[in-house]
Amino acid sequence: MNSRTVSAVPDESVKTLLLEHFTPVDAGVHRDLAVETTRRHVGDLMKRLSTAAEITRPGEGAALIARICSELAPDEGLLRDVDAVLEFGRPYGLLTAEEKAKATRAEIRQEVLHFDRIMDLDHLDQGARPLKHRRDFVHDDGALGAAERILVLVHERLVLRGARPARWQDVSSVVQQLVGEAGDGARLERTRYPFLGAVAAGPGARDLLGVFERYAIRHPLPVAIGLTDYLLHNSQTGPQSLVAAGLQTDTAGTRTAEIWAAGRASWMVLARDGFRQRVVGRGLLEGARAGSETTRYGHAMLALEDDQWLVLALDGGELARAGHVEDELNRPGRSGRIDLAVNLGRLLGRAPYTLVKPGPVPAMAAPTVADSEEDLQAVCRDLLAGSRGVELSLECGHVHADREVGPAQIRGLELGARLVDILRQEADRQGVSAAVDVTPMVDDDHVLNRFRFADYEGLFDSRGLAVDDLILESSPLPRAVAHDVLRRAVSRDGQGYRLHRIGGNLYLESGDLRVEMVEDLEGEMRNGCVMFEIGLIAYRAARRRITAAFTELTGRDAEKLHRDMARAYDGQSDPAQRASLRREFERLYIDGWDEVTATLEHTPFLDAFTETIAERERMGRRTVVLNVIEDYYRPQQEKVDRVARLLGIRLPMQALFFSPHGHGLVRLG
């Protein structure tokens with residue numbers, strides 16, 4: 001079968017398999033979906049998987065996904081092949097033994113599912129597309145949350161294993177909107193970092209380039225192309241062609257142009273040779289138009305000398321194939337002078353093109369903690385302002401138990417360590433106290449637990465930041481607090497929000513807010529991410545008093561519970577055995593739905609939290625729970641704050657967000 005002509009529409013059994021394993025859809029919700037709703041959601045999911053696969057393997061990744069979904073039986077083998085293509089760009093059978101072991105862990109799929117639950121993207125019952133607001137400064141129309149996460153994730157993993165170069169972003173970058181007409185389309189030029197040249201075809205070309213630029217200043221170029229493609233697909237405004245080149249200079253001084261095309265395009269590199277233009281190289285970029293049901297990107301990576309120019313044209317590939325191009329480019333005008341723009345216009349006709357003249361392209365160095373010194377100093381001054389001291393609970397270096405510690409965790413850890421140093425220095429200068437409780441949390445509940453907890457603690461020790469309490473998401477302690485939060489939610493139902501059951505799950509709704517509170521209400525009763533986070537913040541704010549309340553209620557000394565859990569997991573390498581251990585720890589606190597609803601006024605853990613905060617306030621001491629965390633958690637943290645306010649819980653939560661791809665810090669609120 002020709003992989004480039006395979007339909008991307010899977011049969012019904014494959015649709016069900018994909019929705020259940022690549023979106024947070026449980027069987028109860030899935031049964032309630034209308035046929036048309038299912039069709040739309042599968043179409044969205046296939047587009048997300050296709051754009052992600054094209055980033056991993058440009059020109060062929062999406063065709064592989066389509067072929068897998070149309071040819072293979074709807075079972076674990078199909079899922080394994082999709083995981084392999086997303087991770088490595090090849091089906092499972094073509095991987096090395098080491099790659100197979102990594103693909104089998106389905107880390108991309110697990111992370112995307114986890115993120116989708118955080119963002120509450122499972123709005124399937126209303127027929128809405130599973131989209132949510134992610135970053136204000138990127139997604140002004142409130143779309144693309146699910147696509148953004150999977151595209152960013154596959155790109156990160158390519159960079160981590162050296163398959164793509166690291167390209168640092170700058171969160172202070174702004175849209176320039178240097179867009180002009182270009183034949184039957186428009187061209188974009190950026191003269192600031194990130195340096196870009198792009199051209200789009202059709203009547204909506206200007207608007208398309210405006211959207212693309214907003215994504216390109218926050219994301220690596222292939223992610224920006226993928227998001228633009230996905231947006232057009234969802235908006236159903238019709239496919240359009242787009243080709244863009246990003247200019248970079250590495251620390252060795254080598255300048256490169258990376259080109260991505262959604263549409264059929266040509267590229268050509270020119271160099272001055274006296275008064276003439278010499279064609280140094282040219283090529284064809286075979287891509288499908290952005291917004292199409294079919295996904296395919298053309299891609300090229302070129303080295304550019306200082307005196308070389310790059311031509312990008314949406315000409316169907318004519319410039320790449322035409323003969324005597326140099327003669328046409330150097331044809332003299334009536335005055336005898338050679339006008340490159342006139343000659344390009346005559347050669348290309350109405351086909352949109354842009355001429356990228358690199359000029360100075362300074363290298364963007366990797367971000368360091370020193371870059372954020374002023375921001376960290378401002379945060380520390382605010383933490384101490386107007387009080388006799390601060391009780392700070394700090395989480396940094398956040399990680400999932402199915403993933404290796406990478407640059408994002410190291411950067412968060414180093415930012416947290418430097419913040420603690422500055423805070424203590426500032427407290428000494430002001431003559432007040434600063435008590436720091438280092439409380440990182442490892443997500444081990446929705447993922448395959450392969451983590452080495454002792455090694456993780458060692459990373460903190462190596463940076464002078466000893467861990468006081470290594471919290472596990474599967475711990476019964478924060479879960480117990482979260483069940484008190486649930487009691488509060490049920491008891492106040494109707495006061496600014498409504499609780500609804502959908503497919504066996506419990507949701508909180510208020511205006512445009514919709515949050516999954518509990519999954520599998522009558523069964524395992526798994527906490528939704530927002531409710532868990534509220535319980536976690538309360539636990540960290542008053543963990544000693546809450547731990548004492550837990551010990552009194554359960555009869556189990558919980559003072560060293562998290563240490564015991566981590567050591568037990570480290571002593572057992574088999575994830576299945578670890579899952580069995582987790583279930584044993586969970587039995588320390590079993591609190592089913594019927595018991596919750598029968599004891600709504602019994603909230604010993606929330607009471608302990610409230611008493612601790614009030615006691616410190618009477619002493620003039622401030623309580624702050626601070627998360628130094630990757631910026632894609634920002635919508636979740638905002639939801640946590642909003643839901644807590646609806647429930648009348650005054651959380652002492654603050655957050656400091658950093659981008660794993662760039663410079664700068666952003667504070668919650």
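The lining of the largest cavity in this predicted model is made up of eight nonpolar, five polar and three charged residues. The cavity holds about 150 Å³ of space. Among the 16 residues that line the largest cavity, those closest to its centre are Arg167, Pro220, Leu221, Gly246 and Gln248. Two or more lining residues come from each of strand 4, helix 10 (221-235), strand 5 (242-249) and strand 6 (255-262). Strand 5 contributes the most to this lining, with three residues. In the whole structure, the search finds nine cavities of 30 Å³ or more.

Helix 15 provides the largest share, six residues. By class, the lining of the second largest pocket consists of 13 nonpolar, five polar and 12 charged residues.

Helix 3 (residues 35-56) and helix 4 (residues 61-71) have axes that come within 7 Å and cross at roughly 135°. The two helices, helix 3 and helix 4, are therefore oblique to each other. On the side of helix 3, the contact involves Met46, Leu49, Ser50, Ala53 and Glu54, which meet Gly61, Ala62, Ile65 and Cys69 in helix 4. The contact of helix 3 with helix 4 comprises six nonpolar residues, two polar residues and one charged residue.

For helix 19 (residues 543-554) and helix 23 (residues 604-618), the axes come within 9 Å and cross at roughly 150°. Angles over 145 degrees count as roughly antiparallel, and helix 19 and helix 23 are therefore roughly antiparallel to each other. Their crossing is right-handed. In helix 19, the residues Arg545, Ile546, Ala549, Phe550 and Leu553 take part in the contact, and they meet Phe605, Ala608, Phe609, Glu611, Thr612 and Glu615 in helix 23. Seven nonpolar residues, one polar residue and three charged residues make up the contact of helix 19 with helix 23.

Helix 20 passes helix 21 in a right-handed crossing. Leu561, Asp564, Met565, Ala568, Tyr569 and Asp570 are the residues of helix 20 in this contact, and they meet Arg578, Leu581, Arg582 and Phe585 in helix 21. Six nonpolar and four charged residues are found in the contact of helix 20 with helix 21, and no polar residues.

The peptide bond from Tyr193 to Pro194 is cis, with omega near -5°. Pro194 is located in the loop between strand 3 (185-189) and strand 4 (195-201); strand 4 is also one of the elements that give two or more residues to the lining of the largest cavity. At Ala106, a residue other than glycine, phi has a positive value, near 50°. Ala106 belongs to the loop between helix 6 (97-104) and helix 7 (107-119).

Terms used. Residues are numbered from 1 along each chain as its sequence is written. This is a predicted model: local features need pLDDT of at least 70, side-chain atom pairs count only at pLDDT 80 or more; totals for chains, interfaces and linings use all residues. Side-chain values use heavy atoms; hydrogens and water are left out. A crossing is left-handed if the near helix is turned anticlockwise from the far one by less than a right angle, and right-handed if clockwise. Helices (H or I, at least four residues) and strands (E, at least two) are DSSP runs, numbered from the N terminus. Contact means heavy atoms within 4.5 Å. Ala, Val, Leu, Ile, Met, Phe, Trp, Tyr, Cys and Pro count as nonpolar, Asp, Glu, Lys and Arg as charged, and the others, Gly among them, as polar. Axes are lines fitted to C-alpha atoms, for helices over the stretch in contact, and angles run from 0 to 180 degrees between N-to-C directions. Angles under 35 degrees count as roughly parallel, over 145 as roughly antiparallel, 65 to 115 as roughly perpendicular and the rest as oblique. On a 1 Å grid over the protein atoms alone, a cavity is a set of points where a 1.4 Å probe fits but cannot get out, and a pocket is an open set with protein on both sides within 12 Å along at least five of seven lines; lining residues have an atom within 4 Å of a point. Grid points are joined across faces, edges and corners, and a volume is the space filled by probe spheres set on the points.
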